[in-house]
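Here are a few friendly notes to read alongside the structure. Keep it open and look up each residue as you go.

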Amino acid sequence: MFSSCGQVFQSVSTFLDEVVERSLVQVLIFSFAFASVWSKLVFDSYLTVAVIAVEALGIQSTFLYSEVTEAEFKIFDVVFFAPLVETLIFQGIVQNLVSRCFEFRVSLIVNILLFSMLHLVNDLSSFIGAIGSGVMLFLVYEHFRRKGKKVVGLVWVTLLHAFWNTSLLYSVL
């Protein structure tokens with residue numbers, strides 16, 4: 001088996017590097033499945049632990065029990081504006097720059113950490129959840145970047161990001 005976390009990470013990053021080289025359909029299916037499974041595992045586990053802690057301590061938690069209204073949620077920002085701006089920043093700038101200077105796994109880690117840290121302004125669950133969607137968006141863009149189709153990649157990632165945010169929004173409402 002693996003003797004260290006470094007070997008596990010190296011194997012995972014090598015696998016993801018190989019995924020990027022596959023067809024667009026395979027990249028989309030794998031990355032969306034990964035983000036969906038990650039989201040399901042993380043949010044179910046996180047929310048279960050949080051609910052138990054909140055009930056045990058008798059604390060009212062605003063991120064678990066707050067009512068969401070259309071005005072508070074700013075649907076336009078979540079579905080259209082955020083995916084466009086975040087894609088331009090994280091794929092258009094960060095991923096392109098870091099990928100020129102470092103190998104695949106470094107680019108992957110830097111991009112996902114920065115993307116997730118941006119979502120930390122919401123709450124810890126958004127930070128953790130953004131890791132899964134960050135991997136998805138990174139892989140899809142990397143597929144196009146390697147083929148020299150950066151603009152097409154930005155469009156695909158923006159649409160995928162908008163679809164992902166819409167599905168999250170739909171699950172909350």
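1. Let's start with the charged pairs: this predicted model has 5 salt bridges. As background, side chains of opposite charge can pair when their charged atoms come close.

2. Look up D17 and R146, whose side chains form a salt bridge with N and O 2.3 Å apart. This pair links distant parts of the chain, since D17 sits in helix α1 (residues 5–20) and R146 in helix α7, 129 residues apart. D17 has a relative accessibility of 26%, so it counts as partly exposed. R146 is also partly exposed, because its value is 32%.

3. Next, find R145 and E142, a salt bridge whose closest N and O atoms are 2.8 Å apart. Both residues belong to helix α7 and are 3 residues apart, about one turn of the helix. Are they buried or exposed? Both R145 and E142 are buried. Salt bridges with shared partners connect D17, E21, E142, R145 and R146 in one network.

4. Another salt bridge joins R105 and E103, with 3.4 Å between the closest N and O atoms. R105 has a relative accessible area of 23%, so it is partly exposed. For E103 the value is 47%, which means that E103 is partly exposed too.

5. Now turn to the nonpolar side chains. In soluble globular proteins, these tend to be buried together. The largest nonpolar core here has 17 residues, and those with the most contacts inside it are F115, M136, L137, V140, V157 and L160. Helices α2 (24–57), α5 (75–101), α7 (124–146) and α8 (150–172) each give two or more residues to this core. Which of them gives the most? It is α7, with 6 residues.

6. Not counting residues up to four places away in sequence, V140 touches V27, L28, S31, W156, V157 and L160.

7. Why does S133 count as buried? Its relative accessibility is 7%, and buried means under 20%. Leaving aside neighbours within four places in sequence, S133 contacts A35, F115 and W164.

8. Finally, visit the surface, where I109, L113, L114 and M117 make a nonpolar patch of about 330 Å². M117 lies in helix α6 (residues 104–119). With a relative accessible area of 46%, M117 is partly exposed.

Conventions
Residues numbered from 1 in each chain as written. Predicted model: local features only at pLDDT ≥ 70, side-chain atom pairs only at ≥ 80, totals over all residues. Heavy atoms only, no water. Core = buried A, V, L, I, M, F, W, Y, C linked by side-chain atoms within 4.5 Å. Buried < 20%, exposed > 50% of the residue type's maximum accessible area, 1.4 Å probe, protein only. Helix = DSSP H or I, 4+ residues; strand = E, 2+ residues; numbered from the N terminus. Contact = heavy atoms within 4.5 Å. Patch = residues over 30% accessible without salt bridge, like charges linked within 9 Å, V, L, I, M, F, W, Y side chains within 5 Å. Areas by Shrake-Rupley, 256 points an atom, 1.4 Å probe, with all protein chains shown as cover. Salt bridge = Lys/Arg side-chain N within 4 Å of Asp/Glu carboxyl O.
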